[in-house]
Amino acid sequence: MSVKNLLFWIAAFLAFVLDQLTKYWVVQTFNSGQTQALLPGIFHLTYVTNTGAAFSLLTGKVEWLRWLSLGVSLALIALAWFAVLNFWDQLGYGFILGGAIGNGIDRFVHGYVVDFLDFRLINFPVFNLADVFINIGIICLLIATFQKTPASHRR
């Protein structure tokens with residue numbers, strides 16, 4: 001028996017597990033607000049909590065964001081369950097699902113998301129692996145879009 005869109009499920013699982021393991025490690029290792037320079041002035045690990053979306057957008061809108069995460073997750077699961085996806089679509093949607101579930105669980109359980117990746121060279125907001133996987137997923141979907149031939153859109 002084969003599983004439909006196996007790569008989707010693998011990508012989602014790996015993204016979710018890596019996100020949750022790194023957040024657990026940060027919470028167990030750092031105090032809130034504590035930072036550790038890996039490359040001083042360039043890249044730090046900094047434990048902060050975020051009640052908003054990516055890059056602290058919609059700060060304080062946890063209630064709305066937790067339901068958005070759940071809705072996106074359920075829609076992606078339905079898509080993978082019923083559709084046949086190509087390689088890049090499976091990777092893209094899988095990584096997005098893993099990130100959405102990772103941050104969604106944080107919002108439901110804690111009321112905030114744990115962020116810790118801190119690029120200071122460009123004064124970028126602190127983020128986490130779920131955010132990274134969501135962005136990688138978007139890149140995969142862009143690749144999938146560009147790989148589709150114009151002939152596939154003709155009638």
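The following questions and answers go through a predicted model of one protein chain.

Residues are numbered from 1 along each chain as its sequence is written. Local features need pLDDT of at least 70, side-chain atom pairs count only at pLDDT 80 or more, totals for chains, interfaces and linings use all residues, and side-chain values use heavy atoms, with hydrogens and water left out.

Student: In what order do the elements of the protein chain run from the N terminus on?

Tutor: Helices (H or I, at least four residues) and strands (E, at least two) are DSSP runs, numbered from the N terminus. The chain has four helices and three strands. From the N terminus on, their order is α-β-β-α-α-β-α.

Student: What percentage of the residues of the protein chain count as buried?

Tutor: Buried means under 20% relative accessible area, exposed over 50%, and partly exposed in between, with a 1.4 Å probe and protein chains only. The chain has 155 residues. The buried share of them is 38%.

Student: Where does UniProt place the feature "transmembrane region"?

Tutor: The record is an unreviewed entry, and such annotations may be inferred rather than shown by experiment; positions are in the numbering used here and feature names are shortened. In the model, residues 64-84 are 90% helix and 0% strand, while residues 126-146 are 86% helix and 0% strand. According to UniProt, the feature lies at residues 6-26, 38-58, 64-84 and 126-146.

Student: How far apart are the end C-alpha atoms of helix 1, and what span should its 24 residues have?

Tutor: Helix 1 covers residues 6-29. The expected span is 1.5 Å times one less than the number of residues. For the 24 residues of helix 1 this gives 34 Å, which agrees with the distance between its end C-alpha atoms, 34 Å.

Student: Which residues in helix 1 are buried?

Tutor: An α-helix has 3.6 residues a turn, so residues three or four places apart point the same way. The buried residues in helix 1 are Phe-8, Ala-11, Ala-12, Ala-15, Asp-19, Lys-23 and Val-26.

Student: Is helix 1 roughly parallel or roughly antiparallel to helix 4?

Tutor: Axes are lines fitted to C-alpha atoms, for helices over the stretch in contact, and angles run from 0 to 180 degrees between N-to-C directions. The axes of helix 1 and helix 4 (residues 129-147) come within 8 Å and cross at roughly 155°. Angles under 35 degrees count as roughly parallel, over 145 as roughly antiparallel, 65 to 115 as roughly perpendicular and the rest as oblique. Helix 1 is therefore, relative to helix 4, roughly antiparallel.

Student: Which residues of helix 4 make the contact with helix 1?

Tutor: Contact means heavy atoms within 4.5 Å. Helix 1 contributes Ala-15, Leu-18, Asp-19, Thr-22 and Lys-23. From helix 4 come Leu-129, Ala-130 and Phe-133.

Student: Which residues does Asp-106 touch, not counting residues up to four places away in sequence?

Tutor: Asp-106 sits in helix 3 (residues 87-110). Asp-106 is buried, because its relative accessible area is 4%. With residues up to four places away in sequence left out, Asp-106 touches Gln-20, Lys-23, Gly-111, Tyr-112, Val-113 and Val-114.

Student: Is Asn-123 buried or exposed?

Tutor: Asn-123 lies in the loop between strand 3 (113-119) and helix 4. Its phi is near 55°, a positive value in a residue other than glycine. At 69% relative accessibility, Asn-123 counts as exposed.

Student: Is Asn-5 buried or exposed?

Tutor: Asn-5 is in the segment before helix 1. Asn-5 has a positive phi of about 60° although it is not a glycine. With 6% relative accessibility, Asn-5 counts as buried.
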